[in-house]
Amino acid sequence: MATLTLEAIARDFSDGRQMRRVLFPTDLVFTPGELTVLAGPSGSGKTTLLSIMGLVLRPSEGRMRLDGQDVTALPDEAAAALRLSRYGFVFQQPMLIEGLSVLENVRLAFSVQGARTPAGFRKQAEELLASLGLAGTGHMQPRLLSGGMKQRASIARALIKEPSVLLCDEPTSALDAESGQTVLEILKRIALEGERVVVVVSHDARVFPYADRLVKLENGRVVSDTREGSPAVQETVA
Amino acid sequence: MRSLTAWRMVRHDRASTAGALLGVVSIVFLVGQQLSVLFGLLNYMSVLVDHSGADAWVTSADPRNVDAANLVPGRIVDRVRGLREVEWAEPVLVGSGLFRTPDGSFESVRVVGTRRPRLAGGPWSYAQADEGALLDLDAVTLDRLDLPKLGRPALGSGTEIGDRRVRIGAITDGARGFQGTLVFASIDKVAEIAKTPPGRYSYVLVKLREGTDHATALARLRLLLPEYSVFDGPELARRTRAYYFANTGIGGSFGFSTVIAVLIGAVIISLTMYTAVLGRARDFAVLRAIGGRKRDVAVVVVAEALIIAGIGIFIGFVMLAALLNATGGSAIPSFFPSRVAPILGAVTLAVSLLGSLVALRVALRAEPASVFH
Ligand SMILES: Nc1ncnc2c1ncn2[C@@H]1O[C@H](COP(=O)(O)OP(=O)(O)OP(=O)(O)O)[C@@H](O)[C@H]1O
Ligand SMILES: [Mg+2]
């Protein structure tokens, strides 16, 4: 269970000559058990927002809290520790590390800081891989898997630690329709069953039906925020 | 898991691993080979001193090296023998002459004359016949490795050195000097060949009685012979080596080629590890994004460097051992003191780590945010 709260989060980037506001002050609250889709045209600031939520990019303004703890400007090491313990990431590309087997890639999620892998990891990981349709692939090199399988393996890497927050940037854009559907169904299930904050960035309309909540960005601003069953209701932050 | 990751990366990125290994191996092998030639030559320089079995050497005052001592009068021998610490004292006379080869041409040799029956300062290892041969006034020894150069004269055959009749009485093993072909003969024969005044010698070798304190005995010898120099073996060997090392350009040329070998190795390691890490930049960003700290990335890169260095040093030493084995009994100077091996290994390891610094910088610059682009 986790709640991620954004209060007037904004971000500027320098375009070489001057600072340009890419994300205007944004208030959003993400509650567990929901799959939120963050949609909008290219360049609207989706990735920027997701990166800030994922503690890999600092906002220029505003505050962010995770379960009430201020995580706006954490030092590098503290941010890494939180990412390790609370977060899972799925990127547009699977970004598995070549040379490590699928199972070892999943293991990295635990021990990238050198910690011992917990007892029972192997069984747990194999079950997780099987539940993602990857039974028996643990020993394989990532390059031997199809695009969709790789993406599911990367979801396994994100899920193995049972993260409170799962952030996905265009997880289906590199996949064909069928694999994309499978991945989305998995993500939806994870949000519901695991009581997690799941945020999926996508500008693909085929993703929207899976959303419990749809947040649309345009030119760095939230232009609509709707929940399934209550269309066009603008969310306000408490 | 971080070192496992490093190991997997090293194994997976074959081309760059092979490149970096080449760098490490070339440092160990090239520097090792240079060192073995250098130590081989250093051995040649002091070969007579190292194998004399004497505890002290009396020479003319302050010689620059063992080959540059002036003649000393023979009465020193009796004065030295007068000391109660002295077990024996024997003169040695070194000169040079032209050796007539079987085909009638000449080769310059250094003749070392020793006194019968003790033959102190004489040969220490024989390939054919033995020291009994040198009891004959005309007998000389040649070294096994010098035989081709001297036209392969047969054992027992006669020839001339400096117009004096000699006979090849024995073949030595490993008696090779820095200043030229070493030929052992009786001291009287050498006096004839070198035409030195009678009763004059190159040095006097002294053996001390068992149980005497060497430092005290040497001090007594110095007091007794103030107008001469008294050395112990290692001291004279060191002086001789230092002289040749500095004055023949060996030191400089060895140092230069070693530095170049290390530099080339370091550059190869540095470039290949740099490209390897560039190719892995995305992976390092992933490591950071999923919770790795900068130091975890550093651990992976340093572990990669250590793995490559370890394997490379091993291969390098295996190759070096093979080379030393092949050149061991040959005419190529080669000697690799075992205490030098760990130093060479440590230096190579340090250079490998230094070479990985550029790669480390690149890896540490991997931005976790970049995984989203
Ligand atoms: N590191 C950066 N430096 C400068 N400008 C940046 C940087 N990252 C993003 N931007 C700018 O911020 C704006 C929003 O980028 P962002 O990647 O968030 O868009 P997006 O909605 O994810 O687009 P897409 O759908 O194409 O992925 C873009 O105009 C981009 O040029
Ligand atoms: Mg984007």
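Gln113(A) sits in the loop that joins helix 3 (102-111) to helix 4 (121-131) of chain A. In this predicted model, Gln113(A) is buried, because its relative accessible area is 18% and the cut-off for buried is under 20%.

**Surroundings of Gln113(A)**

- Leaving aside residues up to four places away in sequence, Gln113(A) touches Ala80(A), Ala81(A) and Leu84(A) in chain A, and Arg2(B), Gly291(B), Arg293(B) and Asp296(B) in chain B.
- Ala80(A) lies 33 residues from Gln113(A) along the chain, and the C-alpha atoms of the two are 9.3 Å apart.

**Sheet of chain A**

- An open sheet of 6 strands in chain A has the order 6-7-8-3-9-10, with mixed pairing.
- Its edges are strand 6 (87-90) and strand 10 (221-227) of chain A, each of which pairs on one side only.
- From one strand to the next, the twist averages 15°.
- Strand 3 (residues 34-39) and strand 9 (residues 213-218) of chain A are paired in the parallel sense, over 4 bridges.
- Within strand 9 of chain A, Leu214(A) is the bridge partner of Val37(A).

**Helices on the sheet**

- Helix 2 (residues 76-86) of chain A lies across strand 6 and strand 7 (165-169) of chain A, and runs at about 80° to strand 6 of chain A.
- Helix 5 (residues 147-159) of chain A also packs on the sheet, where it touches strand 6 and strand 7 of chain A.
- The direction of helix 5 of chain A makes about 170° with that of strand 6 of chain A.

**Site of ligand 1**

- The site is shared between chains, because residues from chains A and B surround ligand 1.
- There are 15 residues around ligand 1, and those that come nearest are Ser42(A), Gly43(A), Lys46(A), Thr47(A) and Thr48(A).
- Strand 1 (4-14), strand 2 (19-30) and helix 1 (46-53) of chain A each contribute at least two residues to the shell around ligand 1.
- Helix 1 of chain A gives the most to this shell, with 3 residues.

- Thr47(A) has a polar side-chain atom 2.7 Å from an oxygen atom of ligand 1.
- For Gly43(A), a polar backbone atom is 2.8 Å from an oxygen atom of ligand 1.
- For Arg20(A), a polar side-chain atom lies 3.2 Å from an oxygen atom of ligand 1.
- Ligand 1 taken alone exposes 630 Å², of which the protein buries 67%.

How values were computed:
Residues numbered from 1 in each chain as written. Chains lettered and ligands numbered in written order. Predicted model: local features only at pLDDT ≥ 70, side-chain atom pairs only at ≥ 80, totals over all residues. Heavy atoms only, no water. Pairing = 2+ DSSP bridges. Axes fitted to C-alpha atoms, helices over the stretch in contact; angles between N-to-C directions. Contact = heavy atoms within 4.5 Å. Buried < 20%, exposed > 50% of the residue type's maximum accessible area, 1.4 Å probe, protein only. Near = heavy atom within 4 Å. Polar contact = N/O pair within 3.5 Å; in protein donor to acceptor, adjacent residues only side chain to side chain. Areas by Shrake-Rupley, 256 points an atom, 1.4 Å probe, with all protein chains shown as cover.
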